[in-house]
Structure formats: structure tokens, C-alpha cells
Amino acid sequence: MRLTRYFLPVLKENPAEAQIVSHRYMLRAGMIKQQAAGIYSWLPLGYRVLRRIEQIVHEEQQKAGHIPLLMPTLQPADLWRESGRYDDYGEEMLRITDRHKRDMLYGPTNEEMITDIFRAHVESYKQLPLTLYHIQWKFRDEVRPRFGVMRGREFLMKDGYNFDLTYEDAIHAYNRHMVSYLRTYERMGLQAIPMRAASGPIGGDNTHEFLVLASTGESEVFYDSAITSLKFGDRVVDFDDRAECAKIVEEWTTPYARTDETHDVALFHEIPAERQKTSRGIEVGQIFYFGTKYSEPMGATVVTPDGNRVPVHMGSHGIGVSRLLGAIIEASHDDKGIIWPEGVTPFPVGIVNLKQGDGAADAACEAIEKALLAKGLEPLYDDRDERAGAKFATMDLIGLPWRITVGPRGLAAGKVELTSRRTGESEEMSPEAAVARIAEIYAGV
Ligand code: ATP
Ligand code: MG
């Protein structure tokens, strides 16, 4: 992508309304534009990151055997009357009346609707286990939308729902979600710690929240520092293997890690003093087992092997897809701008032409661009007629992890410069070597 043909409305000034760094940088880097309190347009750069995050979520969900579908944003109120939540949900629910005076709502979550789909089409235990999920916009009329996409009113969420015959089957589904989430967040360059949580209006006894440690987080968290050294890495997991999944869950849930809602002071003090940590955290996901809370009132039943009809055991599992952009920036930035992890970066690398209009420099940049494209890597090429300083400032602000700098002087010696956004370190090499290095870096991403 050539910057002169792109749409990247960067801001020079710090927007006054942004209180935290991720919100500030998302506005300054031209990623989002607020349209109403807690409602944003996703400008091209922000949209690219959002799509990357979605893609990772899809890939990891499907590896775990979960099946994507898409439910609508608008839902009939009658479904929510069946579960009893239409009245319970309160003012966070945006209620709408259509032209026929039917009560509708903009979905804050989808337990009722997915249960309705299930009961219409599933009859027998033989069709289980089943986990369906979607990535869809939600609306919650938050009292205090703030911090940009971190607490929006309209936000993108992955929400998945498991249907199982027995409690044990449902716990395996719960474990499968925890395991797949660990890998999902790591691919985004994040450490998200599963912490025991209290259930909210969605209900249920067995629940963990995934928290990214950050001083700007809204939750207060307590944990054993031992948990921060756990890495999921590249393990290949057999998601049908119950013991294997349970073992991974045990590994991550044995060290103490809780939000303030479930914090147990006595238990916390059993940890060696130097490992007792208190911090703030950003909730980027949550998993729940809630049994037959919806299947029973809504009649989502299956016929068992011995011919009885029983309500299915369910759980729901969410990832805050749009909130993740903010969380990643909170965890990865410096005073010049964002530092995207390779897994989610909008472009894998930026090309900076130090002397636009110079025949050799222009040709070298174009050749690098072409070579990267041939490897399936789309660079952002800053081909503006601008000072080097301004180009570097833009690249630093938008946070591409790698930059290739091309200038007539270096080219005379057959060299360009490859710079890491994270460390600031530069290395001179031939244009071909720079392309090869970028390809190597992204081969494992
Ligand atoms: P919170 O406690 O932050 O209000 P929640 O517990 O109500 O969130 P869930 O129902 O667990 O939210 O939704 C799943 C995920 O969706 C959350 O873990 C969070 O990452 C994301 N999310 C929830 N509310 C918002 C919001 N208002 N804006 C952006 N993301 C949100
Ligand atoms: Mg939650």
C-alpha cells in the first residue's frame, strides 16, 4: 500500500478527550473516529488490526473444533422473555420498537438466540457435543462509556456457546475454551491471565476471566507472580483429549489469580510474600459454565441413550475483540507511539523512502514492495514527498514492528536499513536480505 493512496488521517495534537494512552494513540494514528459516546467508525488502519484479531480468533476457535455461524444484531424481545432476562437486564439493554410495535433489542449477548437455534434443530444426544460461535457487534448502553474502544457501547465480541449432554462433557468444553484462549492471546503478543471470577448477569458458577495486566485496567487483581512465567507456546493440543486439556487448565489455574470479586485474603497470604502481587487488569475475555440455566426454561433438550429427554448443559465464552486493540496498545507502546506485536500488526513492515523522486531510491522501494508482495506480505510504503523526520514520526506512531529505510547514500553501497520498532536497533543489509529477513520473521506468525 502506498501512503499517498491510502487513508491515514493522523493527528498531530493529542486529543483532549483521551485519558489513556491506547485511546490517544488510536485517535492520533487515524484508527478510529468517535461517532457518538462509545460508538466508533473503524478507519482503514484500525479496521486492518480489527480484522487480524478476528482472524486469529477464528483460527484458534476452529482448531478447538468450534463452529462459526452468524446471528443478527437485532433480536426479538420475546426470546428474552422466555429466559426471564428481558426485565432483568436493565438499562444496559438498548430496546427498540419496530413499525408493527414489536419489541426488539440490540443484542448485548446471544444465549437466548443460540438456545433457540439449538432447540429448533437438535434432537438427539448423538448430535452432541456442539459448540457454535460468532463474531458479531454487541450493544450495551454502558453508564460510562470511556477509554475509547475499551469500554464502548457498540463493540465487537466473539461469543461461543457449548451444548453438552452431561456436566463432565460441558466441563471439557470449558477446558477446551480455556486452552484455546491461552493460545489466542499469546498469538496477539499478550499475556492474558485466567483469573477466578464472579458471575454477572449471564449467570453460572464456574467462570474465569482473562486479564491483561495494565495500570489503566478497570479491575483490581491479585495473583501469584509464578503465573506470569507460564508460556503456552507452540504446543500442539488434541482438543478431544480430555486429560490433556484438563492438565493444561490445571497448570494455569493452580497458581493463585483472582479478581477483587473473588479475592480470598487468607488464601492469598499463603503465597510466599515476595510472590504476592496486586495490580490492575483489563478483562479481555471470560468463560462460563452455567448448566441448564437457559436450556431448561427454553426447552433445549435432547433424547438420551436410554430414551429420556433432558435439558442440555451449556456454557458461554466471550472474547472482547474490539477491546483487544486497546489492551494490546496499553501493553505495547512507548512515548513515540504504538508497538504492534507481529501477530496483529496492520502491515508487517513499513518502507521509508528518504528521497522521494530520486530515481534509484524510488526504484529500490518499488522493488522491495514488489518482492514483499510476492511473499504475501503487504508493506506500507511511505512515498510522500516529506522530510525523513516526519516519515519516521508517522511510522513510529502507527507502530509497524519493522521498517526498511531506503536512501540514495545507502543504495550507493548496495544497502538499506532494517529497524526494529521495539528495540530501535538498525542493521544495514542488501534490499534482498531485508526482504528475506522480514519473510523469515513472519513465517512463524
Ligand atoms: P465488563 O466487566 O468489562 O463490563 P463483562 O464482564 O460485562 O465486561 P462479558 O459479558 O464477559 O463482559 O463479555 C465478554 C468480553 O467482551 C469481555 O471480557 C470484554 O473483553 C468484552 N466487553 C464487554 N463489555 C465491553 C464494552 N462495553 N466494550 C468493549 N468490550 C467489552
Ligand atoms: Mg466478563
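Q: Where is V21 found in this predicted model?
A: The model is predicted. V21 is found in helix 1, which covers residues 21-28.

Q: Is V21 buried or exposed?
A: Burial is read from the relative accessible area, and a residue counts as buried under 20%. V21 has a relative accessible area of 11%, so V21 is buried.

Q: Which residues does V21 touch, leaving out those up to four places away in sequence?
A: V21 touches E330 and H333. The C-alpha atom of V21 is also separated by 7.7 Å from that of I329, although these two residues are 308 residues apart along the chain.

Q: How is the protein divided into domains?
A: The domain assignment gives two ranges: domain 1 takes in 3-338 and domain 2 takes in 350-443. In the contact between them, 15 residues come from domain 1 and 13 residues from domain 2. The C-alpha centres of domain 1 and domain 2 lie 37 Å apart.

Q: What area is buried between domain 1 and domain 2?
A: The size of an interface is often given as the accessible area lost when the parts come together. Here, about 1200 Å² is buried between domain 1 and domain 2, and carbon and sulfur atoms give 57% of that area.

Q: How many salt bridges does the rule find across the interface of domain 1 and domain 2?
A: The rule looks for a side-chain nitrogen of Lys or Arg within 4 Å of a carboxyl oxygen of Asp or Glu. Across the interface of domain 1 and domain 2 it finds two salt bridges. Elsewhere in the listing of pairs, E378 forms a salt bridge with R48, and their closest N and O atoms are 3.2 Å apart.

Q: How many residue pairs are in polar contact between domain 1 and domain 2, and which elements of domain 1 take part?
A: The count between domain 1 and domain 2 is nine residue pairs in polar contact, with both residues at pLDDT 80 or more. On the side of domain 1 that touches domain 2, the elements that give two or more residues are helix 1, helix 2 (44-63) and strand 18 (337-338).

Q: Where is S420, and what does its side chain do?
A: S420 is found in strand 22, residues 416-420. At 9% relative accessibility, S420 counts as buried. A polar atom of the S420 side chain lies 3.2 Å from the backbone nitrogen of R422. Leaving out residues up to four places away in sequence, S420 touches P401, W402 and E425.

Q: Where is S124, and which backbone nitrogen lies 2.8 Å from a polar atom of its side chain?
A: S124 is placed in the loop between helix 5 and strand 7. The backbone nitrogen is that of K126. S124 is buried, with a relative accessible area of 18%. Beyond residues up to four places away in sequence, S124 touches V302 and V303.

Q: Which peptide bond is cis?
A: A cis peptide bond is read from the omega angle. The bond from L128 to P129 is cis, with omega near 0 degrees. P129 is found in the loop between helix 5 (111-121) and strand 7 (130-139).

Q: Are K101 and F147 buried or exposed?
A: K101, in the loop between strand 5 (94-97) and strand 6 (103-106), counts as exposed at 66% relative accessibility. F147, in the loop between strand 7 and strand 8 (154-164), is buried, with a relative accessible area of 12%.

Key. Residues numbered from 1 in each chain as written. Chains lettered and ligands numbered in written order. Predicted model: local features only at pLDDT ≥ 70, side-chain atom pairs only at ≥ 80, totals over all residues. Heavy atoms only, no water. Helix = DSSP H or I, 4+ residues; strand = E, 2+ residues; numbered from the N terminus. Buried < 20%, exposed > 50% of the residue type's maximum accessible area, 1.4 Å probe, protein only. Contact = heavy atoms within 4.5 Å. Domains from an automatic or database assignment. Buried area = accessible area lost by both parts, 1.4 Å probe. Polar contact = N/O pair within 3.5 Å; in protein donor to acceptor, adjacent residues only side chain to side chain.
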